[in-house]
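I am opening a notebook page on a structure that is new to me. I want to go from the whole chain down to single residues.

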Amino acid sequence: VGLGGLTLDEAWQRDDKTEEVAPAAYLGIAAPKFPNLFFLNGPATNGTNSIFFSVECQAALVAQLLGTGSRVIEATQAATDRHVTTCATHIRTKVFTHPGCGPFEKLVNKRDIPNAWYGSMTEYYLATRRVQHDDWILE
């Protein structure tokens, strides 16, 4: 449970028509309004890449965040929105969105295809290798 009693289900905006949730987390690691909650293998972190390597990247970034000495660590809404928009824009150019790709095709018009990272592992490594302080609430 996050700030003000918010649940992940509520934060990730359950679609009442389909009963589906469109998960969103900055770099797949943290969600706004959920301080000190970290995901490994979270939304938009795998796909055709190595899950082991992406989890190592995530763990390294979380370790850096914990190393700041902050008692509160939370992804900003702006950073999360930027990340989700980038993923959603790029994923539309991938095979996942082809009409014959089953469960993915019905998610194309949502914010994100929740389990697919759009790029290479090198791109993910570069995105997670250093804490971008403007993207985090560190108190």
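The entries below record what I looked up, beginning with the ground rules.

**Ground rules.** I noted that this is a predicted model, in which local features need pLDDT of at least 70 and side-chain atom pairs count only at pLDDT 80 or more, while totals for chains, interfaces and linings use all residues. Residues are numbered from 1 along each chain as its sequence is written, and side-chain values use heavy atoms, with hydrogens and water left out.

**Whole chain.** I found four helices and two strands, taken as DSSP runs numbered from the N terminus (H or I of at least four residues for helices, E of at least two for strands). Along the sequence they follow the pattern α-α-β-α-α-β. Of the 139 residues in the chain, 42% are buried; here buried means under 20% relative accessible area, exposed over 50%, and partly exposed in between, with a 1.4 Å probe and protein chains only. I also looked up contacts (heavy atoms within 4.5 Å): among those between residues at least 6 apart in sequence, 70% join residues at least 24 apart.

**Helix 2.** This helix covers residues 51–66. I read off 16 residues and a reach of 22 Å from the first C-alpha to the last, close to the 22 Å expected at 1.5 Å a residue, where the expected span is 1.5 Å times one less than the number of residues. Which residues of helix 2 are buried? They are Ser54, Cys57, Gln58, Leu61, Val62 and Leu65. Seen down the axis of helix 2, the buried residues fall within an arc of 130 degrees, so they line one face; the arc is that of the directions from the helix axis to the C-beta atoms. They pack against strand 1 (73–75), helix 4 (121–128) and strand 2 (136–138). On the face turned away from the buried side I noted the exposed residues Phe52, Glu56 and Leu66.

**Ala30.** I then turned to the loop between helix 1 (8–11) and helix 2, where Ala30 is found. Is Ala30 buried or exposed? Ala30 counts as buried because its relative accessibility is 1%. Leaving aside neighbours within four places in sequence, I listed its contacts as Ala25, Leu37, Phe38, Phe39, Ala75, Thr80 and Trp136. Ala30 and Leu40 are ten residues apart in sequence, and I noted 9.2 Å between their C-alpha atoms.
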